Amino acid sequence: MIELMIISSLVLLISITSSKVLYKFGVPILLIFIALGMLFGSDGIVGIYFSDYELTKEISSIALVIIMFYGGFGTNWSMAKPSALPSILMSTLGVIITATLTGFFSHIVLKITLLEGLLIGAVVASTDAASVFAILRSQKLNLKGSLAPLLEVESGSNDPVAYMATLSILLLMDNNGLSTLFPMVIKQVVFGLLVGILLAKCTIFFIKNLKFEIKGFYPIFILAIAILSYSLSEYLGGNGYLSVYMSGIILGNSNQLPYKKILFQFFDCISWIMQIVLFFMLGLLSFPSKFINIISISVSISIFMILVARPVATFITLHPFKYSIKEKLFISWVGLRGAASIVFAIYATTYGVNMTYDIFHIVFFVALFSVSIQGTLLPKFAKKLDLVDNNTLVLKTFNDYASDIDRQLIEVNITSDSKLVNKSIADADISEDILILMIKRRGKTIVPKGVTIIEDGDVLVITGDNLDHISF
């Protein structure tokens, strides 16, 4: 037990410190944590032997529940609502088209049964929300128009569809699965939505009418609701991931939920812990020595998805909407595969159906390839297509940021005698509790950075705690 505690502590410390360096260079967070898991694993430097798919599936399910709940909880619906319809279509129809095209490609190229090919397509059909969020934030990638909310809602909401598609194909691969397929799909959608919505509404009513004396009870209470939302839905035959995402959106956007700042800080922290645990375990479970047998298969699937399946799905799904070709190309590129796909591959592995290929390592490598290539080049791709808007903030689409603005936002006029004049923001000795949202200068709006020099006549738009006692 002591050895396990030491290893766990070291893993967390190494994950956090290494991400401190690599995060700034736009290296997707998934790569960092999975790479560490591989280094600690059977074929790595540390050499910890781990091959328990069932245990990984159970722990991964819990981690995905927290991550998906926070994905919904942190989505600013007022900003996302205008692009809600194309986002939902991308996370449903887009996923189905991507899965179908990839499935037929796998069937033809790998010479496997159509159902086995469609299973691979379903497993890798969803995009990775954690990587998309991390890249947008770390690179301060301020996108034009409604691109950011569309990508965030799509990546946060398409896992339930991919999960349902995976279960459907597995049922069809089972000899007795056909008769139960349609009832299963109906129950997945109906109970998934009902449980998530009703539980969130009841939670808001309960908290509104019953105050806790201890502030720390609110995060614990909401965490219990998130877990209950998933587990109750699954117990009734619903889609637990859909349920927990819906409850997260409703609760995160409710004005009647007290101590939102505390709640966001709590879920941000626990979500990162879950991501580290999830990605590290997936890396630990992999055997890089097996890559030699599936590398050509995985690369061919990845390239097909990047260049064909995802673009076709994007252009078909977004055809009725007024998105430019450049915007559609960028949306196509942000089809990062990640942890959810690998977890669904574990579900397929433990389901008990016969498969020709090692689906876990195929999907694992597809995810690594996708995040390495697409994730790393994402900021450059956005700039190349001229889709970066430095007059807006990517954080505006996140609830944790919006809650600060709603709490208090003021403008500060900078005069010649101000202690901030001619200093960069990084050198201005501004309290960490203060966030400069924008600078108004001679009729223009400037998005502040650490190197931005504050000038005489500037108007700083700031938010934070205890602003009434701030002196600039």
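I looked up E54 and K57 in helix α3 and found them three residues apart, which means that about one helical turn separates them. (Helices are DSSP runs of H or I with at least four residues, strands are runs of E with at least two, and both are numbered from the N terminus.) The two residues form a salt bridge in which the closest N and O atoms are 3.6 Å apart; I use the term for a side-chain nitrogen of Lys or Arg within 4 Å of a carboxyl oxygen of Asp or Glu. E54 is partly exposed at 40% relative accessible area, whereas K57 is buried at 18%. Here buried means under 20% relative accessible area, exposed over 50%, and partly exposed in between, with a 1.4 Å probe and protein chains only.

I note for the whole entry that this is a predicted model, in which local features need pLDDT of at least 70 and side-chain atom pairs count only at pLDDT 80 or more, while totals for chains, interfaces and linings use all residues. Residues are numbered from 1 along each chain as its sequence is written, and side-chain values use heavy atoms, with hydrogens and water left out.

I counted five salt bridges by this rule. R441 pairs with E455, the closest N and O atoms being 3.5 Å apart; because R441 lies in strand β2 (434–441) and E455 in the loop between β3 (444–446) and β4 (459–464), the pair ties together parts that are 14 residues apart in sequence. R441 also meets D458 in a salt bridge at 2.7 Å, N to O, and this pair links strand β2 to the loop between β3 and β4 across 17 residues. Both R441 and D458 are buried, while E455 is partly exposed, with a relative accessible area of 26%. Shared partners join R441, R442, E455 and D458 into one network of salt bridges.

Grid points are joined across faces, edges and corners, and a volume is the space filled by probe spheres set on the points. The count comes to two cavities of 30 Å³ or more.

The largest cavity holds about 130 Å³, and of its 15 lining residues the closest to the centre are I67, M68, A129, A130 and D159. Helix α3 gives the largest share of this lining, four residues.

The second largest cavity has a volume of about 40 Å³, and I found it lined by S302, M305, I306, R310, G335, R337, V366, S370 and Q374. Two or more of these residues come from each of α14 (291–317) and α17 (359–384), with α14 giving the most, four residues.

Is α8 enclosed or open to the outside? Eleven of the eleven residues of α8 are buried, so this helix is largely enclosed by the rest of the structure.

Last, I checked I373, which lies in helix α17 and counts as partly exposed at 33% relative accessibility. I373 and W333 are 40 residues apart in sequence and 9.9 Å apart in space, C-alpha to C-alpha.

Conventions
1 Å grid on protein atoms, 1.4 Å probe; cavity = no way out; pocket = protein on both sides within 12 Å on 5 of 7 lines; lining within 4 Å.
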